[in-house]
Amino acid sequence: AILTISNVLSMLTMQVEDVNGIPTHVFRLKTRSKVESNALLLIVPGNPGMAHFYITFATHLFELGRGAYDVSVVSHAGHSPGVAKPVDSPACKDWYSLEDQLAHKMSYVRQQAANKEVLYLVGHSIGCYIILEMLKQLPPARIKKVAFLFPTIEKMALTPNGKIFSRLFPTYRKPAVTLVGISSWIPDAIRQFVLTSYFLYRRATPEHAEHMARGTMNITGPSLYNILCLAGQEMQDVCELPENIISEHIEKMAFYYGSDDPWTLKSCYEDMIERFPDKDVNLCANGYSHAFVITTSKEMADVTFTRLFHGDQ
């Protein structure tokens, strides 16, 4: 049977799950077949790492797969909006580092996705870096294909945005968190209207604008603190290209760089082409932005599906 949006949405579950002892928003899309799929397409988000932003992207990828795989979007530890931190959980911290996010995603794969024999991994922005670290621990036979979308996997502090935000984060982190706390006093209806209007102005579809607004308006002070602290670490630690792990898995990898991405140097794409000639390394020719989840989720789902399955279907 052909999947439709209404059918897909009926298969979408949104819930808070315990992932490595940390309450985490996880969005799942599962087939309604009596025989459960043995394949999982796991989306590791960028930063902010909230699954809400990827609903349209994930839904369209699931549609395109026609039941060949389930889809999960796992929010980053500490980024889940509106999720209280249990005081009795030793795994919960004030903020979670890149190493913590790696352990968090590996826990999901080993526990919640233990029954999935085949993995398709899709990373966006810093999610690509996390996936590269995951590949050092996952059995190669379990990995079918990996897609890196607008990857931030090297030289982050040298990028146009990196140069700006590296200076801003130390000074403005606490005022930003305070401002978010103050904004929570604004009635929800007003915040929902303002944010939805903004995303509509950015040319998001009405349905997607609602998802984006809902995720944004529920950001708390602690979740923003996590977002900003992680971003600060990215500037400091994401420096050298992990060439060895890429070389080991390059035949299963597809890279998709932005043509005008302020979070990635143009030379990074050029260096990848030079290092790995004739491999699946692509430069966007459509003008899609780094924050594609705002306006081009479906278009990027088409790109991702093509890169993952162009040799299989």
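What does the accessible surface of the protein come to, and what percentage of it belongs to carbon and sulfur atoms? The surface comes to about 14,300 Å², with 55% belonging to carbon and sulfur atoms; areas here are from the Shrake-Rupley method with a 1.4 Å probe, and for residues only the protein chains shown count as cover.

Some ground rules. This is a predicted model, where local features need pLDDT of at least 70 and side-chain atom pairs count only at pLDDT 80 or more, while totals for chains, interfaces and linings use all residues. Residues are numbered from 1 along each chain as its sequence is written, and side-chain values use heavy atoms, with hydrogens and water left out.

On confidence, pLDDT is the predictor's own score for each residue, from 0 to 100. Its mean is 86, and 90% of the residues reach 70 or more. Residues 1-6 fall below 50, and that stretch has 11 contacts in the model beyond near neighbours in sequence; a contact means heavy atoms within 4.5 Å.

Now the fold. There are 11 helices and eight strands, taken as DSSP runs numbered from the N terminus (helices H or I, at least four residues; strands E, at least two). Of the contacts with a separation of 6 or more, 80% are between residues 24 or more positions apart. Of the 313 residues, 54% are buried, where buried means under 20% relative accessible area, exposed over 50%, and partly exposed in between (1.4 Å probe, protein chains only).

Next, the helices. The expected span is 1.5 Å times one less than the number of residues. For α7, residues 206-217, that gives 16 Å, and its end C-alpha atoms are 16 Å apart. Its buried residues include His208, His211, Met212 and Met217, and their cover includes α2, α6 and α11.

Helix α8, residues 221-237, should span 24 Å, and does. It is mostly covered, with 13 of 17 residues buried.

Helix α3, residues 98-112, reaches 21 Å, close to the expected 21 Å. Among its buried residues are Asp100, His104 and Lys105.

Last, the surface. Ile164, Phe165, Leu168 and Tyr172 make a nonpolar patch of about 350 Å². Patch residues have over 30% relative accessible area and no salt bridge, with nonpolar side chains (Val, Leu, Ile, Met, Phe, Trp, Tyr) joined within 5 Å and like charges within 9 Å. A salt bridge is a Lys or Arg side-chain nitrogen within 4 Å of an Asp or Glu carboxyl oxygen. Leu168, in helix α5, is partly exposed at 33%.
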